[in-house]
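Student: I have a model open and would like to work through some of its features with you. Could we start with how the strands are paired?

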Amino acid sequence: MVDDTEKKYISSEELKKHSSREDLWISIQGKVYDVTEWIKEHPGGDIPILSLAGQDCTDAFIAFHPGAAWKYLDRFFTGYYLNDYEVSEMSKDYRRLCSELSKAGVFEKKGHGVIYSFTFITSLLLACFYGVLCFESFLVHIVSGGLLGLAWMQISYLGHDAGHYNIMATRGCNKFAQILTGNCLTGISIAWWKWTHNAHHVACNSLDHDPDLQHLPVFAVSSRLFQSLNSYFYGRKLTFDPLARFFVSYQHFTFYPVMCVARVNLYLQTLLLLFSKRKIPDRALNILGILVFWTWFPLLVSCLPNWTERVVFVMTSFCVCSIQHVQFCLNHFAANVYVGRPEGNDWFEKQTSGTIDISCTQWMDWFFGGLQFQLEHHLFPRLPRCQLRKISPVVQSLCKKHNLPYRSLSFFQANATTIKTLRAAALEARDLSCTAPKNLLWEAVNTHG
């Protein structure tokens with residue numbers, strides 16, 4: 001234990017000076033760490049650390065890392081402490097709750113959900129293959145396409161779980177589960193998912209840092225995107241040009257049709273990442289998994305008797321799976337947004353501000369994969385999905401105590417709210433006289449955040 005008189009201190013302002021990729025410091029519980037070299041090896045990628053560089057990120061560290069991770073911090077310790085380190089009452093309650101959940105072993109209580117999910121997914125895939133290979137009925141082939149879409153939804157939920165915590169007995173088996181559920185069965189790389197999803201969690205609903213809100217030229221959830229913001233995730237400008245203005249002007253009409261073919265974009269994003277110059281963990285394994293998908297899926301489709309049935313089969317599978325794409329948009333599109341980097345000292349507040357839960361009965365939890373409890377998942381990303389409903393009342397109580405929003409809408413209400421948000425931005429986009437919001441009253445009333 002270092003005596004307080006022997007400790008070396010720096011201020012938060014001094015810490016902010018070390019926020020570049022070449023000189024990257026962070027603070028955790030007031031201790032300052034130099035992670036400049038570590039970001040190259042960080043399992044969660046470099047984006048999450050870069051987003052929180054030069055500031056205290058204790059709450060984010062607690063959210064994403066198990067207790068075993070703390071022992072690895074000492075090798076990065078600079079010897080400095082923050083002399084103005086303070087913890088808000090909200091953060092104190094959040095950290096206390098995390099500690100209680102950890103001591104109760106809740107993060108390790110995963111139930112039998114993985115076995116049930118694998119069994120259900122296997123049944124859906126077998127039924128799909130049986131319908132395609134053993135029947136000549138056009139109707140059976142359409143139903144088979146629907147079953148494939150439903151299987152993809154459940155596979156994605158399982159892959160999502162495997163990406164956040166170990167659903168298998170060992171890390172090696174968990175990596176196999178990630179490649180199997182992501183690359184091999186859905187054609188969407190787990191490497192791409194980790195890259196974008198970790199950034200989304202850290203910078204939830206930041207217009208210039210969260211890739212899940214950066215959909216120009218097709219969608220814009222806020223008129224602030226009309227200012228052609230710089231995307232710090234993609235490293236380029238999100239240009240709001242005439243083409244983007246045209247698409248955004250009708251986005252409340254095109255939202256559902258686009259969701260029906262959203263998987264095509266995910267396939268493309270996967271290929272762009274895997275064949276880019278960016279450092280990709282397990283690149284060869286990811287590419288091999290994608291090759292597996294693009295072997296079995298085209299072969300299955302080719303077994304159908306004609307091109308009409310093949311197109312209908314593929315589109316049916318896409319349309320059924322689009323329910324999941326819609327759900328992910330409902331969780332965030334109509335929530336509050338902001339511009340700028342996330343701040344480590346308002347972790348809980350940013351998550352409550354940027355998320356919307358979908359209310360449903362318990363027997364429908366399987367359909368939404370637990371992600372209807374979006375706020376609970378964002379606050380405790382390592383928590384098994386079977387525990388999310390159980391902690392929901394605790395989260396609601398904390399939000400009420402600190403006067404923070406806890407929004408839970410029915411699936412229908414969430415859809416209506418999302419379309420309303422898209423329509424508001426669309427109407428603003430139709431104003432050809434400006435490239436940025438000019439009506440401050442309109443902005444105050446209609447822009448979230």
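Tutor: Gladly! Two strands count as paired if DSSP finds at least two bridges between them. Keep in mind that this is a predicted model.

Student: Which residue in the hairpin of β3 and β4 takes a positive phi?

Tutor: Look at the turn, where two residues lie between the strands. The phi there is near 55 degrees, and the residue that takes it is glutamine 29.

Student: Let's turn to the cysteines. How many disulfides are there?

Tutor: A disulfide needs two cysteine sulfur atoms within 2.5 Å. For cysteine 184, the nearest cysteine sulfur belongs to cysteine 173 and is 15 Å away. The sulfur of cysteine 321 is 10 Å from its closest partner, in cysteine 319, so that pair is too far apart for a bond. The count of disulfides comes to zero.

Student: Is cysteine 321 buried or exposed?

Tutor: The cut-off for buried is under 20% relative accessible area. Cysteine 184, at 14%, falls below that cut-off. Cysteine 321 has a relative accessibility of 0%, so it counts as buried.

Student: What about histidine 141: buried or exposed?

Tutor: Histidine 141 is found in helix α6. Leaving aside residues up to four places away in sequence, it touches Gly131, Val132, Phe135, Glu136, Leu304, Pro305, Glu309 and Phe313. Its relative accessibility is 3%, so histidine 141 counts as buried.

Student: Finally, which helix gives the most to the lining of the second largest pocket?

Tutor: That pocket holds about 1,200 Å³ of space. Of its 46 lining residues, the closest to the centre are Trp192, Asp212, His215, Leu266 and His325. Helices that each supply at least two lining residues include α6, α7 and α13. With six residues, the one that gives the most is α8.

Student: How many of the residues in that lining are charged?

Tutor: Sort the lining by residue type: 21 are nonpolar and 21 are polar. The charged residues number four.

Key: Residues are numbered from 1 along each chain as its sequence is written. This is a predicted model: local features need pLDDT of at least 70, side-chain atom pairs count only at pLDDT 80 or more; totals for chains, interfaces and linings use all residues. Side-chain values use heavy atoms; hydrogens and water are left out. On a 1 Å grid over the protein atoms alone, a cavity is a set of points where a 1.4 Å probe fits but cannot get out, and a pocket is an open set with protein on both sides within 12 Å along at least five of seven lines; lining residues have an atom within 4 Å of a point. Grid points are joined across faces, edges and corners, and a volume is the space filled by probe spheres set on the points. Helices (H or I, at least four residues) and strands (E, at least two) are DSSP runs, numbered from the N terminus. Ala, Val, Leu, Ile, Met, Phe, Trp, Tyr, Cys and Pro count as nonpolar, Asp, Glu, Lys and Arg as charged, and the others, Gly among them, as polar. Buried means under 20% relative accessible area, exposed over 50%, partly exposed in between (1.4 Å probe, protein chains only). Contact means heavy atoms within 4.5 Å.
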